[in-house]
Each structure stands twice: as C-alpha cells, then as structure tokens.
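Have a look at the model below before reading on.

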Amino acid sequence: MTQPPDAIQPVLTGLRDSFPEAIKEVGGHRGEVTVELDSGSLVEVATWLRDHPSARFRLLSDLSGTDYPERPDRLSVDYHLYSVDHNMRLRLKVRVGVDDPHVPSVTGVWSTANWHEREVYDFFGVRFDGHPNLVRILMPEDWEGHPQRRDYPLGGVDVQYRGAHVPSPDRRRYKGGWTST
Amino acid sequence: MTDSIEPAGLAVRPGEARDLPPQPAARRIDYNERRAQQVLAMGGGDWAEVTARQHAAGDDELMVLNMGPQHPSTHGVLRLVLELRGEEVVSCQPVIGYLHTGIEKTTEVRTWVQGVTLVTRMDYLSPIFNEAAYCLAIEKLLDVRAPERAQALRVLLMELNRIGSHLVWLATTGLELGALSMMLYGFREREQILDILEDVTGLRMNHAWVRPGGVLQDMPEGTEAKIRAFVDEMARKADEYEDLLTNNPIWIERTRGIGVLDEEQCLDLGITGPMLRATGLALDVRKTEPYCGYEQYEFDVPTATSADVYARYQLRVAEIRESLRIVRQVLDKLPSGPVMHPDPKIGWPARLALGPDGLGNSSEHVRHIMGESMEALIHHFKMVTEGFKVPAGEVYLPVESPRGELGYHVVSDGGNLPYRVHVRDPSFVNLQAVPLMVEGGLVADVIAAVSSVDPVMGGADR
C-alpha cells in the first residue's frame with residue numbers, strides 16, 4: 001500500500017475533523033486514495049467535498065458498482081471524484097448488503113449521478129433513495145435480476161425477451177469454462 | 001374446361017373460404033381496437049409516463065413525438081421522447097440501451113489480454129482510446145510501464161484516431177445540417193486514416209492492437225512516409241473545411257446560440273471534452289494527468305467561450321490541428337527499441353510475421369517452440385491459454401478520448417481474469433445534457449444539439 005499523495009492530505013484531515021464517525025477506512029493503492037464511508041452520511045460528506053475550498057470536487061467522474069459475494073455487505077458503490085481546481089482525484093466507497101441495498105442518492109449534489117445511479121440499480125439492484133427516476137437504463141424494463149452481480153448466470157438461461165436459449169459457456173467452446181483462480 | 005381446374009395441394013380451396021359464415025361485427029371492432037392499441041404500444045423508456053401526463057393535462061396543443069431509435073439524425077440507436085407545442089420542445093427524455101451488449105460482464109470471463117478485443121468494440125469511432133485506457137489501467141495494476149517506443153506509437157495512433165473521430169463528427173453533423181459536401185469530404189479523409197490504421201494494426205476497426213505491456217506489433221516500413229504525407233495534406237484539408245463552414249451563413253444560423261451549456265452546468269452534469277472546453281475551461285486529461293508520455297509533446301488545449309454548437313465545431317477543427325502537431329512530433333522523435341514489455345510473463349509469447357499465406361505466427365517462433373525448447377512451448381501454452389495474473393487491487397484510469405474523459409475502473413482479485421471492468425464512457429455521460437440543451441428550443445435545433453454531443457451509442461450502451 002502506497003501512501004496517499006500529499007495534495008490530498010488536507011482534504012483527508014478536514015474529512016476526519018468534520019465527519020469523525022462517518023469514515024470507516026482510508027486506503028491508498030497505486031497512488032489512488034479510497035475513503036470508505038458509512039452510507040448514512042454519504043450526502044453530507046459529498047456536499048462537503050464539493051464545496052469545501054480545500055477539496056472542490058466539482059466533477060463526479062464516474063460512479064460504478066462492484067459485487068463481492070464473499071463479504072456480508074457485498075455490494076460496493078464507488079464514486080470517483082475529480083477536483084478541477086486542485087487537479088486531484090478521490091474515490092468514495094460505500095458498501096451495502098444484498099438484502100436491503102439502500103444508498104442515499106447523490107443526484108442532489110452532482111446531477112450527473114442520475115444516469116450512473118440508474119445503471120448501478122440496473123446491474124446490481126442498489127436502491128438509491130431520493131433518486132428522481134430510478135428505473136432501468138440499459139436492460140429492458142421488464143428484465144428480471146441484476147446481471148452484473150457475480151452470481152448472475154452467464155449463459156445457460158433463456159434470453160428473456162425472445163424465448164431463445166443460449167447454451168452455457170462450457171457447452172459452447174471451452175470444456176469446463178474459464179475459472180478465476 | 002379450364003374453369004374446373006384447381007391448383008393441387010391446397011388445403012383450403014378458394015371456394016371453401018367464401019362459404020365460411022361472416023365474422024360478427026363486434027369481433028371486427030375488437031380487432032381494429034387492438035390494432036390501434038398496438039400502433040400506440042410503444043412501451044419502454046419514459047414513453048408511458050409522458051403520454052399519461054399529456055392525457056391527464058388534456059392539452060390538445062401538446063404532441064408527443066418519438067424521435068428514434070431508428071432515425072438517421074440521432075447518430076445510432078438513440079431515442080428521444082419529445083413533447084412538442086408546435087415547433088417548440090416542451091420536454092425531452094433520452095432513452096438509451098438499444099445497443100447494450102454486456103461487454104463489461106463478458107470481460108469477467110475472459111483473460112486480461114482477451115479483454116482488449118472486447119473493449120475496442122465499445123466506442124467504435126475511437127477504438128484505440130478504449131484499448132489504451134484498458135491497457136493503461138492493467139499496467140497501473142501490474143505497476144509496469146510499456147517501453148518508450150510502444151508509448152509513442154500509442155500516442156501516434158490515438159491522435160490519428162482522434163482526427164478520424166472528429167472527421168466523422170464533422171461529416172455527420174454537416175450532413176444533418178444540410179452541408180452535404182462536408183459529409184463527402186469528412187469520410188474521404190477518414191478513409192486515409194483508416195488505411196494507416198490498417199497498415200499498422202492489420203484492421204480498419206476493432207484493432208485489438210494495444211496490449212497490456214505494449215503494443216501488438218511495430219509499425220511496418222513505409223508507413224511513416226505515408227503518415228507524413230497524410231499530415232501535410234490534412235492540414236490543407238482543415239483549411240478547406242473552415243473555408244466551407246466558418247463563414248457560411250446557413251451553418252452559422254443553424255449552430256450559433258444553439259445548445260448552450262455554461263461551465264457550471266457542464267461540471268454538474270459531468271460533461272467533459274470539447275463540450276466543456278467550449279465553455280472556456282481548458283480541462284484535458286492529457287495535460288492534467290499525462291499518460292503515454294504526453295508531457296513530452298508540445299500542444300495547446302483549444303478553448304472557446306460561446307459554449308454553443310458553433311463553438312464546439314470550431315474546437316473540433318482546432319483539435320484536429322493540434323493532433324496533427326502531436327503526430328508530427330511523435331514521428332520526429334520516435335524512439336527505437338522494443339514495443340512490448342521485456343517481462344516474458346506479461347508480453348505475448350508469439351511473434352507475428354508475414355508469410356506466403358498472410359499474417360501469422362512467425363515460422364522462427366514456431367520452430368523454436370516445436371523443435372528446440374520444451375520450456376518455451378510450455379510457456380507459450382500457459383500464456384496463451386491461461387494468461388497472466390494481475391495483483392489484487394482497483395484503479396481508475398482516465399484518458400482524453402475525442403468525446404471527453406474515458407475512464408476505466410478496473411478491479412482485480414489477483415487472478416487471471418478481470419474481477420470487474422467498468423467503463424465511464426463520455427457518450428453515456430454527455431447524453432444526459434440533451435434535455436437541458438433542447439428544452440425551450442425549436443425541434444429543428446434538437447438535431448444540431450444532439451449532434452454537437454457527438455454520441456456514439458456503442459459506447460453509451462456498452
């Protein structure tokens with residue numbers, strides 16, 4: 001684990017001072033800083049990061065989800081922020097369980113989160129509370145399940161909107177299929 | 001006699017059908033009603049919501065128009081649900097997803113190297129950028145750096161690709177706004193770029209040429225002269241485009257003051273690239289977070305201030321010129337050396353060579369692994385079937401694509417397959433701005449505004 005870059009230290013100090021109990025973990029990897037947050041205070045922290053003079057993260061570059069099935073809070077939502085004024089990046093991470101996946105929406109802080117959150121809802125089933133229009137965006141409206149979850153089957157299922165059948169990967173080409181080691 | 005001859009093999013003879021009792025009138029009405037409903041049954045997206053709102057309001061002047069997904073002016077399968085009062089756009093809701101192919105999911109069951117062939121198919125007008133960003137993200141996870149020559153070649157092809165992408169933008173926008181000659185010119189010059197890309201990578205599109213740790217193969221002999229000739233010609237052609245459009249009264253009428261978005265709105269909506277730079281903010285990932293050695297090249301980040309479609313046009317032509325500057329510099333100081341990382345556990349083991357039957361594995365390499373070294377054969381086999389492992393971790397890597405910030409969020413669990421690849425595609429993000437740009441304007445300006453976003457639906461839907 002590398003040390004976080006110097007420019008971002010005032011931001012981290014400010015975050016720790018202003019939200020002592022919201023921050024679960026601060027990590028760094030390959031020069032990138034990740035702040036893991038309690039989902040309850042996400043909107044306050046996001047607003048602070050956008051407006052505070054030492055941070056000014058006015059651009060929400062990306063918002064994506066990842067599924068870690070072995071964890072109890074298996075769904076992770078990552079917010080990649082960019083500060084135009086200070087030329088630095090920061091990743092916020094919020095984790096939720098799969099049974100009650102509710103995360104507050106940051107559409108009030110950055111409007112661009114609208115479609116990003118719809119995409120994460122579409123693919124991972126995370127419910128963003130306060131989102132103006134949380135419906136599927138890329139998959140058909142009546143699709144069942146959330147395809148980017150790790151346990152969503154790849155092939156071997158009926159193509160829902162056509163009634164066609166796609167064989168599972170092991171019957172297509174690779175005997176036994178590819179496995180992650 | 002001919003009257004009694006009936007066609008053989010008909011299950012129902014024509015005469016019998018006529019004898020059937022007539023259908024009751026009620027059923028016919030049913031059928032007509034059902035058919036009428038089917039014509040209107042354009043579910044999906046926000047159509048139902050918009051039509052319901054319109055019915056509830058009881059406003060006869062309001063018309064709901066479904067523009068796309070099959071519409072020549074929406075740059076692919078983009079669908080816009082427009083509410084119109086006469087010529088005025090009251091509301092606009094973009095609907096996307098028609099080109100969703102699940103590339104992000106598919107990368108999770110293919111090795112790291114195989115992923116290159118998948119991501120290059122997302123944004124089909126700027127494939128080199130997708131490959132480069134994906135490979136740079138893997139290199140960041142591996143903590144390796146591609147050799148200098150490979151970096152320079154990546155920059156070379158990325159900039160040529162940027163020119164090609166901007167040319168398609170100029171061409172299609174010209175076509176949509178009535179400047180048909182621009183369409184012919186733009187595609188004519190792009191064809192030369194595709195020829196160069198084909199010379200270097202072997203393919204016109206979907207190259208899969210940038211690989212983790214370097215590039216697939218070096219530039220063949222004679223290509224440099226070809227690129228230099230093209231660069232000189234292209235600079236003259238850019239002048240021609242500006243002669244044609246910059247002072248053209250129709251072009252100015254159609255683009256000036258259309259689709260204005262200021263800096264604050266752009267940042268709030270996450271918009272980057274030429275649309276953001278048209279507001280005066282010179283934000284360019286090549287300058288702020290240089291990759292592939294962009295810090296070695298001298299170039300400016302053009303900006304404009306009027307923030308409308310016309311400004312975006314001027315910017316893109318200016319960017320073509322800046323790209324030409326970079327291409328010249330790359331060719332002038334192209335370093336020599338290998339094009340793949342020296343670590344044999346990263347680089348692709350096979351060597352390509354031109355044989356009598358086309359491009360394939362070099363016969364020397366085949367002789368080596370088949371006749372000389374068992375270890376080399378095992379290594380080749382392991383690398384090709386299993387691939388390499390990438391240390392666990394996650395990175396976000398942005399590059400400046402022709403449309404804005406193209407970011408790859410790549411997660412590895414330490415295995416030979418990506419754990420998660422998420423793409424922040426600029427088309428996806430920038431399309432969110434369409435309602436803000438077109439609402440309150442005329443329906444004819446929707447075309448100009450959508451076009452100025454330069455959306456590529458393959459990238460937006462992924």
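A residue counts as buried if 20 or more other C-beta atoms lie within 10 Å of its own, exposed if 12 or fewer, and partly exposed in between, with C-beta atoms placed from the backbone. This is a predicted model, where local features need pLDDT of at least 70 and side-chain atom pairs count only at pLDDT 80 or more, while totals for chains, interfaces and linings use all residues. Residues are numbered from 1 along each chain as its sequence is written, and chains are lettered from A and ligands numbered from 1 in the order in which they are written.

With that in hand, take N87(A): it is exposed, with 12 other C-beta atoms within 10 Å. N87(A) lies in the loop between β4 and β5 (88–96) of chain A, and it has a positive phi of about 50 degrees although it isn't a glycine. Elements here are DSSP runs numbered from the N terminus: helices are H or I with at least four residues, strands are E with at least two.

R30(A) is another non-glycine residue with positive phi, near 55 degrees. R30(A) is in the loop between β1 (23–29) and β2 (32–37) of chain A. With 17 other C-beta atoms within 10 Å, R30(A) is partly exposed.

## Where the chains meet

Chain A puts 31 residues in contact with 37 residues of chain B, contact being C-beta atoms, placed from the backbone, within 7 Å. On the chain A side, the elements giving two or more residues are β3 (59–67), β4 (75–83) and α3 (113–124). Which of them gives the most? That's β3(A), with 6 residues.

By class, the chain A side splits into 12 nonpolar, 12 polar and 7 charged residues. Here Ala, Val, Leu, Ile, Met, Phe, Trp, Tyr, Cys and Pro count as nonpolar, Asp, Glu, Lys and Arg as charged, and the others, Gly among them, as polar.

## Domains of chain B

Chain B is assigned domain 1 (104–341 + 391–419) and domain 2 (348–387), with bounds from an automatic or database domain assignment. Taken over C-alpha atoms, the domain centres are 32 Å apart. In chain B, 7 residues of domain 1 are in contact with 5 residues of domain 2. The domain 1 side of that contact has 2 nonpolar, 4 polar and 1 charged residues.

## Helix packing in chain B

Helix α9 (residues 223–245) and helix α14 (residues 309–332) of chain B pack at about 160 degrees, with axes 10 Å apart. Axes are lines fitted to C-alpha atoms, for helices over the stretch in contact, and angles run from 0 to 180 degrees between N-to-C directions. α9(B) and α14(B) are therefore roughly antiparallel; under 35 degrees counts as roughly parallel, over 145 as roughly antiparallel, 65 to 115 as roughly perpendicular and the rest as oblique. Residues making the contact include V231(B) and A235(B) of α9(B), and V317(B) and L324(B) of α14(B). The α9(B)–α14(B) contact has 13 nonpolar, no polar and 5 charged residues.

What about α8 (residues 180–201) of chain B and α9(B)? They pack at about 165 degrees, axes 11 Å apart, so α8(B) is roughly antiparallel to α9(B). Among the residues that meet are Y185(B) and I196(B) in α8(B), and F230(B) and M234(B) in α9(B). The contact of α8(B) with α9(B) has 10 nonpolar, 3 polar and 4 charged residues.

Key
Two residues are in contact if their C-beta atoms, placed from the backbone, lie within 7 Å.
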